[in-house]
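Trainee: I've got a model open and I'd like to learn how to read it. Can you walk me through a few features?

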Amino acid sequence: MKYISTRGQAPELSFEDAMLTGLARDGGLYVPEDVPTLTKAEIADMAGLSYEEIAYRVMRPFVGDSFGDDEFRGLIQKAYAGFAHDARAPLKQLAPNHFLLELFHGPTLAFKDFAMQLIGQMFQAALTKRGQRIVIVGATSGDTGSAAIEAFKGLDNVDVFIMFPEGRVSEVQRRQMTTPSENNVHALAVKGDFDDCQARLKDMFNDHAFRDEVGLAGVNSINWGRVLAQVVYYFSSAVSLGAPHREVSFTVPTGNFGDIFAGYIAKKMGLPIKELVIATNQNDILHRTMETGAYTKEGVSPSISPSMDIQVSSNFERALFDAYGRDGDAIRSVMNDLSESGSFSISQGAMEALREQFTSGRVSEEETSETIKDMLTRTGEVLCPHSAIGARIGDANLSEVPMITLATAHPAKFPAAVKDACGVDVGLPAHMADLFERSERVTPVANDLTALTSLIRERLKK
Ligand SMILES: Cc1ncc(COP(=O)(O)O)c(C=O)c1O
Ligand SMILES: N[C@@H](CCOP(=O)(O)O)C(=O)O
């Protein structure tokens, strides 16, 4: 299995190399050269299997010879052993044809744990084999950062630097990143928004001298391994509702487009998905793009669903690559337009291809709060604001096909927004009960590449 860049000018890599490389050297994102498919019988056979076994069967074809069969099974077992729910990703019924996929039973209470816990295991195995040391730099709007720190803290051969937008994540999210005491963890509060953090991250990868000097690696959804691990719960949930004999639809609270892109991969692999619905908050660039065919950046407005406060949606490039018939030149051209003018137009053919795969909706701040309250009344579920955005758009897209809405974070990560919306105080789980008493370590830093690379170099000398 080979991985190629969306911009067509970087070397082809194996799974392990693509995972450890992060951003392709031409600025693009790695994708599999061909997406393997599973037969109807292979999908049907997943019924009743453990999450771990489904994970193995879904991901195995993508991994090639990077890991042996038993080794890969072992890594998967270890990755999910710490989850607080036996099903790992349980489904709850919200209405007759509407289901909630709870993805927040991992250690940091967000869907990011599904991929990050596994990537942590895969990185360790690969680095030990190679005798290699790396520096992970990540950009976060709140959840990727805490999941990455949890997965990599205390490891000898890894330093983890996480950039988050100062003042724009919830207090629980910030404390999850700033309270770990391990010396290899560095939380950086950047003066800017998430898009700035992600842009600086890509600048670091595009600075080849810096990248090679420090051994830069990425654990954002830039990393194909992240997307791959997220494909699994589309299979586990769909199969439990009758796939492949029955179609299902998914609504996905969306920001950086990694999670819904994983759903698109599941569909390409043969899972019978009818609709993939992009649910955005007021930072609705993806919804506007689906409506108009023009991808146009506007400023990011802070919202009560801060993890989705994103305007430059990194993985949309992967979807565009397919929509443009895997034409790397076309992707380089639209991405140049985006960096030069903050906007690009999508060709009619590519837009048709995107609309065949995705629909979309937008939820305002008021509607998000209203939905948290309404869902509590109708279903007894307390939803986080991101999941509420999904549930509202999921409701609006109900049909004869079961709709599965992804619940991407635990409400305890956003206590103020939840309390304001429905009056409920959601307590933290036992392993985080003293989060507010732990001391914080955080370094404020300018939204500036040189300031960031100098700081990283300084820390690595110590
Ligand atoms: C809680 C939550 N919901 C939704 C999203 C959006 O997911 P994606 O960036 O994969 O589109 C994020 C951030 O990634 C998140 O942390
Ligand atoms: N919402 C994310 C933003 C980064 O997304 P990623 O999937 O590319 O890591 C966050 O919570 O950090």
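Mentor: Helices here are DSSP runs (H or I, at least four residues; strands are E, at least two), numbered from the N terminus. Helix α16, residues 365–379, has 15 residues and reaches 21 Å from its first C-alpha to its last, close to the 21 Å expected at 1.5 Å a residue. That expected span is 1.5 Å times one less than the number of residues.

Mentor: Before we go on, some ground rules. This is a predicted model, where local features need pLDDT of at least 70 and side-chain atom pairs count only at pLDDT 80 or more, while totals for chains, interfaces and linings use all residues. Residues are numbered from 1 along each chain as its sequence is written, and chains are lettered from A and ligands numbered from 1 in the order in which they are written.

Trainee: What does pLDDT tell me, and what does the chain average?

Mentor: pLDDT is the predictor's confidence in each residue, from 0 to 100. Where it is low, the predicted coordinates should not be read in detail. Here the chain averages 97, and 100% of the residues score at least 70. For the complex, the predictor gives an ipTM of 0.99 and a pTM of 0.98.

Trainee: Back to the helix: which residues of α16 are buried?

Mentor: You count C-beta atoms, placed from the backbone: 20 or more others within 10 Å is buried, 12 or fewer is exposed, and in between is partly exposed. In α16 the buried ones are T368, T371, I372 and M375. Seen down the axis of α16, they fall within an arc of 100° (taken from the directions from the axis to the C-beta atoms), so they line one face of the helix. The face turned away from that buried side carries the exposed residues E366 and T377.

Trainee: What covers the buried residues of α16?

Mentor: The cover includes α17 (385–396) and α18 (415–422).

Trainee: Where does K112 lie, and is it buried or exposed?

Mentor: K112 lies in helix α5, residues 112–130. K112 counts as buried because it has 34 C-beta neighbours inside 10 Å. Two residues are in contact if their C-beta atoms lie within 7 Å; leaving aside neighbours within four places in sequence, K112 is in contact with D143, T144 and A147. An unreviewed UniProt entry annotates K112 as "modified residue: N6-(pyridoxal phosphate)lysine", though such annotations may be inferred rather than shown by experiment.
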